[in-house]
Amino acid sequence: MNDSITSLPKTGIRGLAENWRSDLLSGFLVFLIALPLCLGIAMASGFPPMAGIITAIVGGLVVSRISGSYVTINGPAAGLIVVILDAVQTLGQGDAMAGYRYTLAAIVVASILQVLLGVFRAGKLSAFFPTSVVHGMLAAIGIIIMVKQVHTLLGVKPEASSLFGAIGEIPHSVLYMNPEVALIGLLGLILMVIWAFMKNPWLKMIPAPILVVAMGFALGQYFDLDHVHQYLIPTASEILPQHQYTVGPNFLVAVPENFLAGFYFPDFSKIGSYEFWIAVVSICLVGSLESLLSAAAVDKLDPHKRSSDLNRDITAVGIGNTVCGLIGGLPMIAEIVRSSANINNGAKTAWANFFHGAFLLIFVALFPKLIHEIPLASLAALLVYTGFRLASPKEFAKTLAVGWDSFAVFVITIVSVLATDLLIGVAIGIVVEFFFHVTRGLKWHNVFSMAYHVRQTDEDTYHIAVSGSAVFSNIISLKTMVSTLPEQKIIYFDLSDSDLIDHTVMEFIHHFAEDYQHAGGVCRIMGLDKHRAYSAHPLAARRKHAT
């Protein structure tokens, strides 16, 4: 174990001197992935395209220097599109620019709350949300992204303002798609799908998003999207009558030629309104939850198995988001897709995140005209694919495998988010999860309090005996306690006296045991033979046999 510790990459200036080659290369490759995604996420959020670039630059140049993570990439993410777009539309009441500036103010306030969460070590609060509710929230976000972006992909602007109205207009958009624009979008989407199944390691080194953008750029030039013109596609079909289509620069990304013209400042004049504080809570809740979950997931991908300081990380993200809100950027999170690419490209330290931000700054400062030539349909293709990944049939199948109860919470959360909004939908999912636990014997005094006892039997051995009900709402104390246990010891989780254990707790104990053993310790789970699982899944919820 000592050898592995001494072989860990250095951090700070010494880490830069030691690993600058690998981090510089990875930062460049991540920059290629981030550029189109930042533009697309910003536009889908109702922000100017440059807002996404600003966020990634701040995430790289500022947050990478103060965060508690090692190979995480910070930037705008698809998961926040729904929250930001709703804030822009609600606060702006039809005025997109006013809504943008009001939302910037909400981001600043939400970011200050994020900083406080980190300072008061509230990173552990992410454990309060049941796994099925979190997955349902993300799947609902994926569905909303697909519904909103499929119209842009087809070159049609929907008339409906509501989500279900946009869903109802999809057949109309398919029927009356702008063929040239739709060709750009559909080919981009097909390319993303093909690249996902590509096995050749050399080809996989080329980021799929940059290929989609390059192809869109070439087709945009071929179709002369720079200039407004009309074209006619004759047809003999009565269903599809002959139609004249218009294309022009409005199908391309609009960015200012001067980089400094992309900065905007927040408007705090609605800080006293109910809608403003709903936006603040939504941005803070979803952003913090996604960032914490993503940072923890990235740690599992890190070949050196380093553990991020999540409280420091959420503080750094909060500081970065405060800066973004003050100068016109989107909020950022620890982004898992770009972080995964960063690790696969050989990044060793947080300097890779810094370099990715530096490359973005250089590119947008020197080549804004190239960004303007990117078709909106290409960015929509990236977002439709991202949305599908969040709400793919695999996500439904994985949740169903855990148990019908988890699947029910998952689906109800999705439907609730689609029918209401993100906060209400998540709250409904949590209430349904509580309902299942109460019907299975959860006592009210156990709702927020887990009963456990820690006993040290010798210098190297700890026994953790859990009794009563162990569910998502009372896991925080257990999670806090195990984080204080010394490394490289022997730990036994004794669950024989627990009446009820839910999937969230089972998953946490399982992952803790895996990580602890990987760090050189021993961790065993005992007493589950006295319980009946609610499905065949090894981490399914379970209840103690009646005696």
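The largest cavity of this protein has a lining made up of S132, D405, S406, V409, E433, F436, H437, R440, H503 and A541. Before we look further, please keep in mind that the model is predicted.

Rolling a probe the size of a water molecule over the atoms shows where empty space is left. In this model, the search turns up six cavities of 30 Å³ or more, and the largest cavity holds about 60 Å³ of space. Two helices, helix 19 (404–419) and helix 20 (422–439), each contribute at least two residues to the lining of the largest cavity. Sorted by class, that lining has three nonpolar, four polar and three charged residues.

E433 sits in helix 20. Is E433 buried or exposed? E433 counts as buried because its relative accessibility is 8%, under the 20% cut-off. Setting aside residues up to four places away in sequence, E433 touches P130, V409, F472 and D502. Between E433 and W404, which are 29 residues apart along the chain, the C-alpha atoms are separated by 12 Å.

Next comes the second largest pocket, with a volume of about 1100 Å³. Its lining counts 35 residues, and M43, L85, T152, K157 and P158 are the ones that lie nearest the centre of the pocket. Helix 2 (12–44), helix 4 (81–92), helix 6 (131–154) and helix 17 (376–390) each supply at least two residues of this lining. Which helix gives the most to the lining of the second largest pocket? That is helix 17, with five residues.

Here are the two linings by class:

Helix 3 has 18 residues and reaches 26 Å from its first C-alpha to its last, close to the 26 Å expected at 1.5 Å a residue. At G59, helix 3 bends by about 35°. Helix 3 is also mostly covered, with 14 of its 18 residues buried.

The last stop is N321, a residue of helix 13 (residues 310–327). N321 has a relative accessible area of 2%, so it counts as buried. Apart from neighbours within four places in sequence, the contacts of N321 are I107, S111, Q114, L330, P331 and M332.

Terms used. Residues numbered from 1 in each chain as written. Predicted model: local features only at pLDDT ≥ 70, side-chain atom pairs only at ≥ 80, totals over all residues. Heavy atoms only, no water. 1 Å grid on protein atoms, 1.4 Å probe; cavity = no way out; pocket = protein on both sides within 12 Å on 5 of 7 lines; lining within 4 Å. Points joined across faces, edges and corners; volume = space filled by probe spheres on them. Helix = DSSP H or I, 4+ residues; strand = E, 2+ residues; numbered from the N terminus. Nonpolar A, V, L, I, M, F, W, Y, C, P; charged D, E, K, R; others polar. Expected span 1.5 Å × (residues − 1). Bend = angle between axes of the 7 residues up to and from the residue. Buried < 20%, exposed > 50% of the residue type's maximum accessible area, 1.4 Å probe, protein only. Contact = heavy atoms within 4.5 Å.
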